[in-house]
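Hello,

Here is the structure I promised to hand over. Please open it first, then read my notes below.

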Amino acid sequence: MGQIAISADGENIAARSYDGKVYFFDKDISEPIWNYTGSQPTISANGYKTVVSNDIIYLFDNNALPTAN
């Protein structure tokens, strides 16, 4: 099932697709800035951080590509 999270200012969007990945977008760019396998995306009110949960909760800086820790 697809899920969408939008920052309070409407600038950033995180959407979970049917392929099991969360895609992060800037509203002005049609290609995703990054994607990560997971579910239930949540964006902070200021749009600076995105949380993607799976069995583990991951916190991403929205200005950088996700890296494994």
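**What I found**

In this predicted model, strand β6, residues 49-53, pairs with β7 in the antiparallel sense. Five bridges hold that pairing. Within it, Val52 has Tyr58 of β7 as its bridge partner.

These two strands belong to an open sheet of three strands. The order is β5-β6-β7, and the pairing is antiparallel. The edges are β5 (39-43) and β7 (57-61), each of which pairs on one side only. On average, neighbouring strands of this sheet are turned by 20 degrees against each other, direction ignored.

Look at Gln40 while you are there. Gln40 sits in strand β5. Its phi is positive, about 50 degrees, although Gln40 is not a glycine. Most residues other than glycine have a negative phi.

**The start of the chain**

Now go to strand β1, residues 3-6, and strand β2, residues 12-16. They run antiparallel and are joined by four bridges. Ile4 stands opposite Ala15 in β2. The hairpin of β1 and β2 has five residues between the strands. In that hairpin, Gly10 takes a positive phi near 75 degrees.

Strand β2 also pairs with strand β3, residues 21-26. Again the strands run antiparallel, here with five bridges. Ile13 has Phe25 in β3 as its bridge partner. Four residues lie between the strands in the hairpin of β2 and β3. There, Gly20 has a positive phi near 85 degrees.

**The core**

Which residues make up the largest nonpolar core? There are eight: Ala5, Ala14, Val22, Phe24, Trp34, Ile43, Val52 and Phe60. Val52 is the residue whose bridge partner is Tyr58.

**The salt bridge**

How many salt bridges does a search of the whole structure find? One. The side chains of Asp28 and Lys27 meet in it, at 3.0 Å from N to O. Asp28 counts as exposed, because its relative accessibility is 58%. Lys27 is partly exposed, at 43% relative accessible area.

**The whole chain**

Step back for the overall picture. The chain has zero helices and seven strands. Along the sequence, the pattern reads β-β-β-β-β-β-β. The radius of gyration is 11 Å, close to the 11 Å that the globule rule gives for 69 residues, so the chain is as compact as a globular protein of that length.

The C-alpha trace spans about 30 × 25 × 20 Å along its principal axes. Of the 69 residues, 29% count as buried. Take the contacts with a separation of 6 or more: residues 24 or more positions apart account for 27% of them.

Best wishes

Definitions and conventions. Residues are numbered from 1 along each chain as its sequence is written. This is a predicted model: local features need pLDDT of at least 70, side-chain atom pairs count only at pLDDT 80 or more; totals for chains, interfaces and linings use all residues. Side-chain values use heavy atoms; hydrogens and water are left out. A salt bridge is a side-chain nitrogen of Lys or Arg within 4 Å of a carboxyl oxygen of Asp or Glu. Buried means under 20% relative accessible area, exposed over 50%, partly exposed in between (1.4 Å probe, protein chains only). Two strands pair if DSSP finds at least two bridges between them. Axes are lines fitted to C-alpha atoms, for helices over the stretch in contact, and angles run from 0 to 180 degrees between N-to-C directions. A nonpolar core is a set of buried Ala, Val, Leu, Ile, Met, Phe, Trp, Tyr and Cys residues joined through side-chain atoms within 4.5 Å. The radius of gyration is taken over C-alpha atoms; the globule rule is 2.2 Å times the number of residues to the power 0.38. Contact means heavy atoms within 4.5 Å.
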